[in-house]
Amino acid sequence: GVGIGRVGKTIVCLSNTDDATMRAFRNIRGVVLMRPENLNAWNVMQARALITSSDALKVIETRVSANG
C-alpha cells in the first residue's frame, strides 16, 4: 500500500544554495530543493523523503521549538 510520505517527491533542504546548486537539483527528476525557512509540515507529509544538511536541520529545529 501507499503510506503517508511515500507518494511525493524527495525534498532536499539546504541552508546555503548558490545558483549552480539550484540548477543542478532542478535537473533531478523527483527532487525538490527547498530552504529550511520555506519548509512546512505539509511539505514534509507529502514528501517521499526529506534530506537535510546539518545547518538546515538546525534552522528547522529552531523553527519547530519556537512554535511548539
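Among contacts in the protein between residues at least 6 apart in sequence, 54% join residues at least 24 apart, a contact being heavy atoms within 4.5 Å. This is a predicted model, in which local features need pLDDT of at least 70 and side-chain atom pairs count only at pLDDT 80 or more, while totals for chains, interfaces and linings use all residues. Residues are numbered from 1 along each chain as its sequence is written, and side-chain values use heavy atoms, with hydrogens and water left out.

**Whole chain**

Start with a cartoon view. The protein has three helices and three strands, in the order β-α-β-α-β-α along the sequence. Helices (H or I, at least four residues) and strands (E, at least two) are DSSP runs, numbered from the N terminus. Of the 68 residues, 21% are buried; buried means under 20% relative accessible area, exposed means over 50%, and partly exposed lies in between (1.4 Å probe, protein chains only).

**Strand β1 and its partners**

Select β1 (10-13) together with β2 (residues 31-34); the two run parallel and are joined by four bridges. Strands count as paired if DSSP finds at least two bridges between them. Cysteine 13 has methionine 34 as its bridge partner in β2, and valine 12 stands opposite leucine 33 in β2.

Next, show helix α1 (residues 19-26), which makes a right-handed β-α-β unit with β1 and β2. To check the hand, look with the strands pointing away from you: the crossover is right-handed if the path from the first strand over the helix to the second runs clockwise.

Pick threonine 10, in strand β1. Threonine 10 counts as buried because its relative accessible area is 17%. Apart from neighbours within four places in sequence, its contacts are Gly30, Val31, Val32, Arg48, Ala49 and Ile51.

**The nonpolar core**

Select Ile11, Cys13, Met34, Leu39, Ala47, Ala56 and Ile60, the seven residues of the largest nonpolar core. β1 and α3 (54-67) each supply at least two residues of this core. A nonpolar core is a set of buried Ala, Val, Leu, Ile, Met, Phe, Trp, Tyr and Cys residues joined through side-chain atoms within 4.5 Å. In soluble globular proteins, nonpolar side chains tend to be buried together.

Centre on isoleucine 11. Leaving aside neighbours within four places in sequence, isoleucine 11 touches residues including Val32, Met34, Leu39, Val44, Ala47 and Leu50.

**Proline 36 and arginine 63**

Move to proline 36, in the loop between β2 and α2 (41-46). Proline 36 is buried, with a relative accessible area of 0%. Beyond four places in sequence, its contacts are Cys13, Leu14, Ser15, Ala56, Val59, Ile60 and Arg63.

From there go to arginine 63, in helix α3. Proline 36 and arginine 63 lie 27 residues apart in sequence, with a C-alpha to C-alpha distance of 9.0 Å. Arginine 63 is partly exposed, at 31% relative accessibility. Leaving aside neighbours within four places in sequence, arginine 63 is in contact with Pro36, Glu37, Asn38 and Leu39. Draw one further distance, to asparagine 40: the C-alpha atoms of arginine 63 and asparagine 40 are 9.8 Å apart, across 23 residues of chain.

**The salt bridge**

Finish with arginine 35 and glutamate 37, which form a salt bridge whose closest N and O atoms are 3.5 Å apart. A salt bridge is a side-chain nitrogen of Lys or Arg within 4 Å of a carboxyl oxygen of Asp or Glu. The structure holds one salt bridge. Arginine 35 counts as partly exposed because its relative accessibility is 33%, and glutamate 37 counts as partly exposed at 41%.
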